Amino acid sequence: MSNIKKAFENGKAFIAFITCGDPDLETTAAAIRAAVENGADLIELGIPFSDPTAEGPVIQAANIRALNGGVTTDKIFAFVRQLRRDVKVPMVFMTYANVVFSYGADRFISTCREIEIDGLILPDLPYEEKEEFLPLCHRYGVALVSMIAPTSENRIAMIAKEAEGFLYIVSSLGVTGTRAEIKTDLASIVKTVRENTDIPCAIGFGISTPEQAGKMAELSDGVIVGSAIIKLLEKYGRNAPEYIGEYVRSMKDAVK
């Protein structure tokens, strides 16, 4: 059903998260192209939200910069429509349920289909409430990507059985952000996932170094990195895409 599986067809996937509109949409476009040219297999596009509860200070600050710069959901839709002329890797939106609700869920998800967005990740949508969006996602062929956290425990099998697109395994408790070390018993989580689904799983939250990426790729089908990329945007602004390209290349080499 989903174009997302293409991201996992050539070995381990590297998934890059980028907040749309930080510092502006032109830089976002250049950053995405640099990431794809250097080996990113899937792009997670963050739609900024004023209260991003799953995000640490780095991505929160990116949300604020983007919103202050005047980015809107409609501008992001128009931006992706342009981007799709040459960027062919799978792309998913990561945002919050309120963004979809306030836009109108049918209108939001049907537009995702129209602009070739392959999936939707809503970190604040509990598994038990996904029926609010699932029928629309099925109608328009947009994968509703589930997240499994270290606290999911006895729900891991249940979530895995119904997974679509890919499974986002959260490496650590808390919010996004780089971490010195990841202590969660991810091997047992991945084992349970593997016993219940053939859908690929990728690990995110806290991964920033090639060494961490290599370790996570040994366990899973892919690695998701956000805060480390956003830090480059924060540091270099409009000159960041060149540095993002180099960074993605080093991470992709590590997960191969």
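Q: Helices (H or I, at least four residues) and strands (E, at least two) are DSSP runs, numbered from the N terminus. In which loop does glutamate 116 lie?
A: This is a predicted model: local features need pLDDT of at least 70, side-chain atom pairs count only at pLDDT 80 or more, and totals for chains, interfaces and linings use all residues. Residues are numbered from 1 along each chain as its sequence is written, and side-chain values use heavy atoms, leaving out hydrogens and water. Glutamate 116 sits in the loop between helix 5 (105-114) and strand 4 (119-121).

Q: Is glutamate 116 buried, partly exposed or exposed?
A: Buried means under 20% relative accessible area, exposed over 50%, partly exposed in between (1.4 Å probe, protein chains only). Phi of glutamate 116 is near 65°, a positive value in a residue other than glycine. Its relative accessible area is 44%, so glutamate 116 is partly exposed.

Q: What is the relative accessibility of phenylalanine 205?
A: Phenylalanine 205 belongs to the loop between strand 8 (201-204) and helix 9 (210-219). Its phi is near 80°, again a positive value in a residue other than glycine. Phenylalanine 205 counts as buried, because its relative accessibility is 6%.

Q: Which residue does a cis peptide bond join to aspartate 22?
A: Omega of this bond is about 0°. The cis bond joins aspartate 22 to proline 23.

Q: How many disulfides does the structure hold?
A: A disulfide is a pair of cysteine sulfur atoms within 2.5 Å. For cysteine 137, the closest cysteine sulfur is in cysteine 112, 7.8 Å away, so it is too far for a bond. The number of disulfides is zero.

Q: Are cysteine 137 and cysteine 201 buried or exposed?
A: Cysteine 137 has a relative accessibility of 0%, so it counts as buried. Cysteine 201 has a relative accessible area of 0%, and cysteine 201 is buried.

Q: At what angle do helix 1 and helix 11 pack?
A: Axes are lines fitted to C-alpha atoms, for helices over the stretch in contact, and angles run from 0 to 180 degrees between N-to-C directions. The axes of helix 1 and helix 11 (residues 240-255) are 8 Å apart, and the packing angle is about 25°. So helix 1 is roughly parallel to helix 11 (angles under 35 degrees; over 145 is roughly antiparallel, 65 to 115 roughly perpendicular, the rest oblique). The angle asked for is about 25°.

Q: Which residues of helix 11 make the contact with helix 1?
A: Helix 1 passes helix 11 in a right-handed crossing (the near helix is turned clockwise from the far one by less than a right angle; anticlockwise is left-handed). Contact means heavy atoms within 4.5 Å. Helix 1 contributes Thr27, Ala30, Ala31, Ala34, Ala35 and Glu37. From helix 11 come Pro241, Ile244, Gly245, Val248 and Arg249.

Q: How do the residues of the contact of helix 1 with helix 11 divide by class?
A: Ala, Val, Leu, Ile, Met, Phe, Trp, Tyr, Cys and Pro count as nonpolar, Asp, Glu, Lys and Arg as charged, and the others, Gly among them, as polar. The contact of helix 1 with helix 11 has seven nonpolar, two polar and two charged residues.

Q: Is helix 2 oblique or roughly parallel to helix 10?
A: The axes of helix 2 (residues 57-68) and helix 10 (residues 227-236) come within 9 Å and cross at roughly 50°. That angle makes the relation of helix 2 to helix 10 oblique.

Q: Which residues of helix 10 does helix 2 meet?
A: Helix 2 passes helix 10 in a left-handed crossing. Val58, Ile59, Ala62 and Arg65 are the residues from helix 2. On helix 10, they meet Ser227, Ile230, Lys231 and Glu234.

Q: How far apart in space are glutamate 234 and alanine 62, C-alpha to C-alpha?
A: Glutamate 234 is in helix 10 and is partly exposed, with a relative accessible area of 45%. In sequence, glutamate 234 and alanine 62 are 172 residues apart. In space, C-alpha to C-alpha, they are 7.6 Å apart.

Q: How many charged residues does the contact of helix 3 with helix 5 have?
A: Helix 3 and helix 5 pack at about 15°, with their axes 10 Å apart, and are therefore roughly parallel. Their crossing is left-handed. Thr73, Asp74, Phe77 and Arg81 in helix 3 meet Arg107, Phe108, Thr111 and Glu114 in helix 5. By class, two are nonpolar, two polar and the charged ones number four.

Q: Which residues does threonine 73 touch, not counting those up to four places away in sequence?
A: Threonine 73 is in helix 3 (residues 73-83). Its relative accessibility is 15%, so threonine 73 counts as buried. It touches Ile47, Val99, Tyr103 and Phe108.
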